Amino acid sequence: MNKFAAILYDSFLEIKDRKIFYFYWLVAGVLIIVFGLLPSLNINGRDILEGNLLSPEVLNGFIARFFDGFLGFVIFLLVFGSAGLAPSFLSKGRVELVLSKPIDRWRLLSMKFLAVYLVKAAVLAVMATAIWLTLSLRLGMFNWGFFPGLLFACLQLLVVYAIVFFFGVLTNSAASAIMGYFVIRIGTDLLASRKVVYPLLGEKSLWKTILDGVYHVSPKIGEMSENIGPIMTGKGMADFYPVWSTVLIAVVVFLVTLLYFNRKDY
Amino acid sequence: MNDAAIQVDHLTKRYSAGFRRPPVQALTDISLDVKKNEIFGLLGPNGAGKTTLIKILLGSLLPTSGAASINGFGGADWRSRLSAGYLPENHRFPPYLTGRQMLFCFGGMAGLSSTVIRGKADALFDLVGLHQWQNTKIRKYSKGMMQRLGLAQALLNDPQLIFLDEPTDGVDPVGRHEIRTILLNLKKEGKTIFLNSHLLAEVEAVCDRVAILNKGRLVKVGPVSGLLDVKPAYRLETAEMPPVVGEETTTAFPTAKIEGTVITVTLETPGQVNEIIDLLRRRGVDLVSVAPVKVSLEESFLELIQGDGSHE
Ligand SMILES: Nc1ncnc2c1ncn2[C@@H]1O[C@H](COP(=O)(O)OP(=O)(O)OP(=O)(O)O)[C@@H](O)[C@H]1O
Ligand SMILES: [Mg+2]
C-alpha cells in the first residue's frame, strides 16, 4: 500500500508540474463561465422561454451531444498530457533507482499505469462534473444519464491510455507515444469504414478477409466513443462489439507491455 | 546462510549495440564475493564495467550468462532488494520534487510508511548537510547537492547493504571528507558497502577489500594493502660515475637507469640494494646518498591496468 501511495503521489506531483495541467482547468473554467452566463431556464417547472421551441428532449439531446464532443476533446488533451509520464518514469538516471526498489517489475509497471490513470480520470471526472452541474443548474434540468456517460468515458480513457502507455514504454519517448497512438487511432477509423472500398477490390475476397481480420484485432476507439451520446440520452449502447473487443485488445496490449518491460535492460 | 552478502558467479554481460553492430562485451566471467560488514571497492578506469555490475546486482540489467545474487536472491527477485540502498551514477532525480518529497516518494516505494519517513528525514538532511534545502525543488539543486540527496535517499530505509556508484562525483573536498566519515560510521553500524570508484585514493581510504576491473575482466581482488605489490626502488647518488662501472651496473641490474652521477633502480627485494652498493664500492665509486623512492599506488595501478591491456 505504501508503495502504491508513493507512486500515486509522485505521479500526481509530476502531472501537476506540467503546464498542460493548468490548460485543463482553463478549458473547464471558460466553459463554466460561458454556461454560467446562460439565461436561467426552468425546464422541469415548465417555465420555458418563448413558447415550446425548446423541449426537454431537444435540450437533452443537445447536452448529450455537447458532452460527447467535450469528453472526446478532454481525452485527446489527456493523451498529450500523459504520454510523457511513462517515458520520464523510465528515463535514464531515474529508472535505475526505481528498479532498485523491492518491487516486482510487473507490479511496478502496473502500479505506475494505474497511478497515472487514476489522476487523469479524476481530472476528467472533476472537470466534466463541474461543467455538467453548471449547465444543469442554469437549465433547471438534471440529465442523470451524464454519470453513466462519464463512467463510459473513463473506460474509454483506460483503453486509450493502455495504448499510449504501450508506445511510451516501448519507445521511451513522449513524442513517439503520441504518434503511435494517433497512427492506431486514425488507422482504425479508416478500417471501420473499410466497406467503402470493397467495390473497388472486385471479386478478390482475400483483401476483404485481410482488412476484416485487421479490423477485428485492432482497438476500435473511434467507434467505441460513439456510444457516449446514446448512453447519456438513455438509449443505451448502440453497438456492444466495438466496446468489448477494444477492452479485450487493451488488456492484451497491457500484458504485452508488461512482458516487454520484464525482460528489458535499463 | 553463509556470510556472503553478495555473490557473483561467472557473470558475463553483453550489450546489444543495435542493428548490425557487434555487441559490447561489458563483463567477462566475473566471480567474486562480498562478505557481510565489509566495505568493498570496485576500482577501474572509465568503461571498465563497474556500473554494469552494480546494475545487474540491483536488477536493472539482466545478465547474459552466469549469476549475481544478494543475500541468496538473484537480481530478478524483488526480495534481493529488500534491504538495499542505492546511489546511482549519473542520476537524474525528478526535478519537480523537493528534496523532502523525493524522500517520501522513493522511501515509500521501498515500503516505508510516511510516519517512518517523517521520523528520519530531518536527521538525514542534517547528516548530508542539506537541511535548509529540503523544501527546494530538485531542479534548483547543484550537482553536489543532488549527490548528497541521493546519499540521503540511499540510507533512508536503513539498508544492510549499500551500493554507491561514484558517491563523491561532483562533491567538493569538504563533502568528500564528510562522505568518507559517513561510510566509516556505517561500517561501524555493521552495514555492508559496495563502492564503485575510479579514484584510487578514495578506495584506499575506506575499503577493506578491493577488486580491480579492466575492460570487463577482473584483474585482481584482495585487501587494499597487498593489492598493488609495490616493488622497492632506490636512488643512489655517487660522487663520480665512470662509464665502465655504469655499464657493469646496468648489465647486473637491467632495471637500473643512470643519469650523470645518479642511479635509479627497481628491485625484487629491498636486500638487493646492498648488492649494488657492494659492486660500486668494489670499483672504488664513492656514494653520496642512498634513498628509497616512493612509487605511488597510482603509478602501480596504472602499470597493472596497462599491463593487463597488452596481453589481450
Ligand atoms: N546501455 C548500453 N549499451 C551498450 N553499451 C553499454 C551500455 N552501457 C554501458 N555500455 C558499455 O559497457 C562498458 C562498461 O560500461 P560501464 O558503464 O559499466 O563502465 P564503468 O566502469 O561504470 O565506467 P565509468 O567509470 O565511466 O562509470 C562500456 O564499454 C560501455 O560503453
Ligand atoms: Mg560507471
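Me: Which strand order does the open sheet of four strands in chain B have?

Reply: This is a predicted model, in which local features need pLDDT of at least 70 and side-chain atom pairs pLDDT 80 or more, while totals for chains, interfaces and linings use all residues. Residues are numbered from 1 along each chain as written, chains are lettered from A and ligands numbered from 1 in written order, and side-chain values use heavy atoms, without hydrogens and water. Strands are DSSP runs of E, at least two residues, and helices runs of H or I, at least four, numbered from the N terminus; two strands pair if DSSP finds at least two bridges between them. Here the order is β12-β13-β11-β14, with antiparallel pairing. β12 (257-259) and β14 (287-293) of chain B each have a single partner strand, so one side of each lacks a neighbour in the sheet.

Me: Over how many bridges do β12(B) and β13(B) pair?

Reply: Three, in the antiparallel sense. Ile258(B) has Ile263(B) in β13(B) as its bridge partner.

Me: Which polar side-chain atoms lie by an oxygen atom of ligand 1?

Reply: A polar contact is a pair of N or O atoms within 3.5 Å; within protein, one must be able to donate a hydrogen and the other to accept it, and residues adjacent in sequence count only if both atoms are side-chain atoms. One such atom, in Thr51(B), is 2.6 Å from an oxygen atom of ligand 1, and another, in Glu89(B), is 2.5 Å from an oxygen atom of the ligand.
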